[in-house]
Every structure is written in C-alpha cells, then in structure tokens.
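Visitor: Could you walk me through how some helices and strands are arranged here?

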Amino acid sequence: MDIRKEQERDELHRAIWSIADDLRGSVDGWDFKSYVLGIMFYRYISENLTNYINADEIEAGNEDFNYALLSDEEAKQAKDDLVATKGFFILPSELFENVRKNAANDENLNETLEKVFRHIEESAKGTLSEDDFSGLFDDIDVNSNKLGATVAKRNDKLVKLLDGIGNMKLGNYQDNTIDAFGDAYEYLMSMYASNAGKSGGEFFTPQEVSELLTRIAVIGKNEVNKVYDPACGSGSLLLKSAKILGKDNVRQGFFGQEINITTYNLCRINMFLHDIDYDKFDIANEDTLLSPQHWDDEPFEVIVSNPPYSIKWEGDDNPVLINDSRFSPAGVLAPKSKADLAFVMHSLSWLATNGTAAIVCFPGIMYRGGAEKKIRQYLIDNNYIDAIIQLPDNLFYGTSIATCIMVMKKSKTDNKVLFIDATKECKKVTNNNKLTDDNITKIVDEVALRETVEYFARLVDYDEIKEQDYNLSVSTYVEQEDTREVIDIKELNAQIEQIVAREAELRIEIDKIIKEIEV
C-alpha cells in the first residue's frame, strides 16, 4: 500500500485521537463525533469558499487577494452570486480561520459560533439550496452542559476543538492521496460504532462491504443517471459510487432517505465534505416505508443499501399499504415484526429497467415461510433476483451475524440465479473479519461471469429453486468443501491388525518376565 497514503491517514487518526483525549470525560463518543464532524465541516466550507473566491481574483490578475482579509461590508456585495453558485455564504469575519484566531480571547465564543452557524444556514434561505443547509448544525450544541458546567469551561473545550481541527494537516483537498474528510468520518464512526443505533437493527456498514456492494451494482457501467439508498444513514454507500464511478459520471446525482435526524444531518454534511454540490444530492428525512420522498423521480440505475435488520413496521395493520404500488405486486406484505423484505420490494419498485440493486440482507429472509416465502416466490417467478451472496460472519461492527447480499435486476438475460458462498472470503483482524481487495475482486468477478465454480458458486435454474420451495439460502445450492481428513479403511484395518498382533507378542513377553520373577 502507498506509504504516503498510510502516513497521511495515521497523522489524521492521531489528530482525531488527540482531540478525543482533550475532551475525554466531558463529551461521550457519539456526541463527540457530531462536534468533530460539525467543526470539520465548518472549516471545510470556510476554506472551500475562500479558495473559490481567491482563485477567481488571482485569475483576474489580483495576485495578493485574500477573501479572509476582506471587510464584511466589501464581501456582502458578492453574496447573491456566491449563494447561487456555492449554495451558501460566509462573511470574512465568520470564516473558520478568523473565528479560531480570536477564539482564546472571545469570552462569548459559544455565542459567536452559534451566530455563525445560524448565519450560514440563513444564507441559503429562500434559495434552491435551502433544504440542503436547513438544520445542518443542529447537533452541535455549543451551549450544552456536556461541554462544561459553565460558559468559561464550555468555551475552553470549544477552543480546543477549533485548534485541534485547525491543526489537522488537511492540505489542499485535491492533492491529498487520502480522502481526508471521508477518512476522518470513517475513523470516527468505527471508534464509536458500538454505540451506533444497534437497538434499531442498524449497523454501520464497513468500508469494504460498501466497496463490494457498490462494485457489484455498477458492473458493466461507466456512467449512470443517479444512485439511490433507501436507508442511507451517513451516506457512505452513496459516496462509494461517487468514488468508484467518478462523481461526474453520476449524471443527476445522489438520492437517499434516512429516518434518524442526526444521521440525516451527518449525511448531508458528508456530501459537502466529499465536494458533492448542493444541486447534485437530494437527501430526505422521513420513514422510507411509510412516507417515501422520491415518488416523482425517474427510476434509479444504481441502488445500494444496508437497511436495518428485522425492524418492526405497520405492515398489514395499515390497510393502505397492501394497495401501495411498491408492495401490492407480491400480494402480501412483509411481516409486522420483520420489515426486511419491505425494503427489498421498495428498492425493486424504484429500480430502473436497466438498473442493478445490491442490498445487504438478514439471512432469515432467505428461508422463512409465510409472507416472506410468498414475496420470495414473487421475486423468483418474475425473474428479478440475479444473485445471492453469503458473506462471512463478524464483518459488521456490533453484530456477528453472517449477512447476505441480494442482487436484483429487471432485465436479466437468463432465468437463473447465481448463488455464491463467500463465507471464507475474508481475513481476521482482531475480533472481526475483514474483506480484502482480493476477496472483493473475486466475488465481483464471479457476479460478472456467472459461472459455476466448485464449492464457491453455482448458477441454478428456476425449476430447481421452485422444487426447493423458493428457499434462497446459499447452502441449499452450493456444496461445502469437506475439509475433513480422508481415511483409508483398508489401511486403517491393516494397522489395527498389526497393533493387535504386537500387543499379543508383548503380553507373551510380559508373562515370561513375571514367571521368571516368581521363580
């Protein structure tokens, strides 16, 4: 691996750990993450705006120009143009570098930051970017007792936060060999993933699983209309598509829905941190199953998702849902106690004719009876399932479940399903398993080739799946390699005969010795 990349990453992780150390005991992990990401975001958009304005001025021949040194009055003249282009505006006095410079001597630092955050959000009011900036800083409560019991103590912590993030060597974002903000985000998530929404059946998707899902969903595609995740969390799967395809090859942008307000805010921040402009993403904050927010959009060519496992939903308690065009084709709703297949049906409904959906699934939905079997039957009878991939256990933070990936398409060229047993495709890292680049490539290549490989993959006809009562468990179709030692019975019997004969000889010898002793 690139040495410089590892050095940059290590340096970034040390800087984050150092800030965590400074704040230890006052802010717990999950809140700490919101503060660090929020202030990183504030630094990012401050520098992004400054660099954008400076580059324009320098190009026009004003070589010594620096937006950060401008007076607020002069800067206001360009506000409308900047909001139209960038989606937001920040006064020079309210830029990260200027607030940080005065922070240690600002007795009202908490009020200053609160005002700055409010002004940034207000700058987008009444414009096309309003929805993308509204409430973005809600999770950074600069007046929280968690930061300290008094204003002075809170401000002391805020100074440390500003300095810690200001000292991070993020360099010129375009020149970094790592995606610094994205990596900081991943590191913070993994530091605190054990606290993250486990009770709701939600699990942070590790980077390698995101990579695998996305590479499967974009097989054979160099560009797509747009990417969608119906349970987008912090947006990591959406951003993987930007990284793999190149964000300019996702023509209409990135779409997602997230029910949790904190994670929804982090997702929007994450989009900006990855340089996705406000007009290239549409993230909604609603319950996807009951209140989908992208009804009117054309279908999506790429859908990638790790929806919450086996959460409760209204199901057939809600008489409207069975007539919902997303769920009605199967003739039955997913059970009230297990919404997994409701997310699958929703994704299928939103999928373009030429699209691919790759969804992480709880293994129980592949073999249970009742309504879930009827939905599987609908999916198989209509030839929507392209592949089922059994993943290793212990891949996800906070759960040891061995999950599956369901790959769906609406325009398959055959009436078969590819089953892949990837349970051994991993390496052990501390207590967890991890997919390596080689593991990912092997699985993706197999999905593309659709070939039967002994003990690894098998292409199965529709009729056989029907005979198996629509069971979609990989173990039903892919034979496990028997790694037990093969024993030759004839050879073993011969060895036993020799041992018995030798034992008889020894008994005779022992009897002789005993008789001699007695004499």
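This is a predicted model: local features need pLDDT of at least 70, side-chain atom pairs count only at pLDDT 80 or more; totals for chains, interfaces and linings use all residues.

Visitor: At what angle do the axes of helix α5 and helix α8 cross?

Guide: Helices (H or I, at least four residues) and strands (E, at least two) are DSSP runs, numbered from the N terminus. Axes are lines fitted to C-alpha atoms, for helices over the stretch in contact, and angles run from 0 to 180 degrees between N-to-C directions. The axes of α5 (residues 96-103) and α8 (residues 151-166) come within 10 Å, and their crossing angle is roughly 130°.

Visitor: Which word describes α5 relative to α8?

Guide: Angles under 35 degrees count as roughly parallel, over 145 as roughly antiparallel, 65 to 115 as roughly perpendicular and the rest as oblique. The crossing at roughly 130° therefore makes α5 oblique to α8.

Visitor: Why is one side of β3 and of β11 left without a neighbour in the sheet?

Guide: Two strands pair if DSSP finds at least two bridges between them. The open sheet of 9 strands has mixed pairing and runs β3-β2-β1-β4-β5-β7-β6-β8-β11. β3 (281-284) and β11 (457-461) stand at the edges, so each has a single partner strand.

Visitor: Over how many bridges do β6 and β7 pair?

Guide: Gln390 stands opposite Cys404 in β7. Strands β6 (residues 385-390) and β7 (residues 404-409) pair in the antiparallel sense, over 5 bridges.

Key. Residues are numbered from 1 along each chain as its sequence is written. Side-chain values use heavy atoms; hydrogens and water are left out.
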